Amino acid sequence: MQIWVDADACPRVIKEILFRAAERVKVSLTLVANHSLATPPSGYVRFLQVPSGIDVADNEIVKRLAVGDLVITGDIPLAAEIIKKGGHALSPRGELYSVDTIQERLNMRGFLDTLRASGVTTGGPAVISQADRQSFGNQLDRFLVRHTGQA
């Protein structure tokens, strides 16, 4: 099992939590982005830079994903692809997407896209809060215990 990060939009504080977790449980963590990112010196943390373009990083993650891998992403369509391929998807706010919840998230995303296309201002996501960070860390720890036996 390894962890993939859709790193273009992943908040730095979440990446820092992931860096510590990768070292703690000795699991491979790969950040995928279309721009250069700093990573700590580690035998467990890698960075994969992909060309710029729509969904290039997403497509690379899906291509390299193995069954059981974890992907950190707030991108609902990417999360759906990950689940369909047998992986796990966790949002930076701590929501572990599942077969049971992903369709609802896709429907909501489609609804909001329709509203925006008709001129309604829906606003963007809220700034990541301390509660979001805590939720993410807790969900990541539970996942790692279940899938690696370590927290």
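**Ground rules.** I am working with a predicted model, in which local features need pLDDT of at least 70 and side-chain atom pairs count only at pLDDT 80 or more, while totals for chains, interfaces and linings use all residues. Residues are numbered from 1 along each chain as its sequence is written, and side-chain values use heavy atoms, with hydrogens and water left out.

**The sheet.** I looked up the strand order first, taking helices (H or I, at least four residues) and strands (E, at least two) as DSSP runs numbered from the N terminus. I found 6 strands in an open sheet, ordered β3-β2-β1-β4-β5-β6, with mixed pairing; two strands pair if DSSP finds at least two bridges between them. At the edges I noted β3 (45-49) and β6 (96-97), each of which pairs on one side only.

**Strands β1 and β2.** I then followed β1 and β2, which pair in the parallel sense over 4 bridges. Isoleucine 3 stands opposite leucine 29 in β2, and tryptophan 4 stands opposite threonine 30 in β2. For burial I used relative accessible area, where buried means under 20%, exposed over 50% and partly exposed in between (1.4 Å probe, protein chains only). From β1, Ile3 and Val5 point one way and Trp4 and Asp6 the other way, and all are buried. In general, side chains of a regular strand alternate between the two faces of the sheet. I recorded that β2 is largely enclosed by the rest of the structure, because 5 of the 5 residues of β2 are buried. Leu29, Leu31 and Ala33 cover one side of β2, and Thr30 and Val32 the other.

**Strands β4 and β5.** Here I found 3 bridges joining β4 (residues 70-72) to β5 (residues 88-90), and the two strands run parallel. Isoleucine 72 has leucine 90 as its bridge partner in β5.

**Helix α1 and alanine 21.** I saw that α1 lies across β1 (3-6), β2 (29-33), β3 and β4, running at about 150 degrees to β2; axes are lines fitted to C-alpha atoms, for helices over the stretch in contact, and angles run from 0 to 180 degrees between N-to-C directions. Alanine 21 is in this helix (residues 12-25), and at 1% relative accessibility alanine 21 counts as buried. Leaving aside neighbours within four places in sequence, alanine 21 is in contact (heavy atoms within 4.5 Å) with Lys26, Leu140 and Leu144.

**Helices α2 and α3.** The axes of α2 (residues 56-64) and α3 (residues 76-84) come within 10 Å and cross at roughly 10 degrees. The contact is made by Asp58, Ile61 and Val62 of α2 and Leu78, Glu81 and Ile82 of α3.

**Glutamine 2.** I placed glutamine 2 in the segment before β1 and noted that glutamine 2 is buried, with a relative accessible area of 19%. Leaving aside neighbours within four places in sequence, glutamine 2 is in contact with Val27, Ser28, Thr30, Asp69 and Leu70.

**Serine 91.** My last entry concerns serine 91, which is found in the loop between β5 and β6 and is buried, with a relative accessible area of 6%. Leaving aside neighbours within four places in sequence, I listed Thr73, Tyr97 and Phe136 as contacts of serine 91.
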